[in-house]
Amino acid sequence: LLKTKLQFSELVAPDFFARLPQLLSSYEEFMSTSKLFELFDYSRCYEVTPENCLRTSRWMQLTSMLTRYEAPVCCDHFPFAEHRRMLDLGGNSGEFAVQVCRRNSALHATVADLPVVCHVGTRHVAPFAEAPRIQFHPLHFIDDTFPDGHDLITFKSVLHDWPDPLVAVLIKKCFEAVPAGGRILIFE
């Protein structure tokens, strides 16, 4: 975890060193010119190619390591054992699903994310004993219908990336997709 935090700091530092006055005067302008966000290039997440998988896996390694250490906190405070099928929207590498399934042997998870993320995530999850209970489903949140049959829908570190009007659309879609007695979990 410390190594990952240092790697991320190394990626963030050049933006702050080169553009601190810009950050102090215009947050929006700073964000639009930040080099860090070139790492998180979601436009490369639609077509599965070796180059797109390599570039996407770089940021997925960072987020997966953070999730590995954040997930236990969520698992300690949410009754996952009351559910049988979890839909993890924006589930990235599947690390959150692995951690939750590891603690809840009856739970099955579907990780829904962009196609390249699902491709890289399938490889990430494969070595774990929980892999047979985790499937990946390529999905565009706004345009596509959520897969059914899930009594728990989760967002782990996802909604902060979306503008408020689209968050409202996503939450509405979740309420329409989750069955009576099901739950929606937001963990940011």
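Predicted model: local features only at pLDDT ≥ 70, side-chain atom pairs only at ≥ 80, totals over all residues.
Local features need pLDDT of at least 70 and side-chain atom pairs count only at pLDDT 80 or more, whereas totals for chains, interfaces and linings use all residues. Residues are numbered from 1 along each chain as its sequence is written, and side-chain values use heavy atoms, without hydrogens and water.

A nonpolar core is a set of buried Ala, Val, Leu, Ile, Met, Phe, Trp, Tyr and Cys residues joined through side-chain atoms within 4.5 Å. Buried means under 20% relative accessible area, exposed over 50%, and partly exposed in between (1.4 Å probe, protein chains only). The largest such core holds 22 residues. Phe 80, Met 86, Phe 96, Val 100 and Ile 134 have the most contacts inside it. Two or more residues come from each of α4 (50-77), α5 (95-103), β2 (108-113), α6 (115-125), β3 (134-138) and β5 (183-187). The top contributor is α5, with five residues. Helices (H or I, at least four residues) and strands (E, at least two) are DSSP runs, numbered from the N terminus.

Contact means heavy atoms within 4.5 Å. Neighbours within four places in sequence aside, Met 86 is in contact with residues including Phe 80, Phe 96, Val 100, Leu 107 and Leu 152. Another core lies apart from the largest one. It has 15 residues, among them Ile 153, Phe 155, Val 158 and Val 178.

Disulfides (pairs of cysteine sulfur atoms within 2.5 Å) number zero in the structure. For Cys 74, the nearest cysteine sulfur is that of Cys 75, 5.9 Å away. Cys 74 is buried, at 5% relative accessible area. The sulfur of Cys 101 is 9.4 Å from its closest counterpart, in Cys 75, too far for a bond. Cys 101 is also buried, at 1% relative accessibility.
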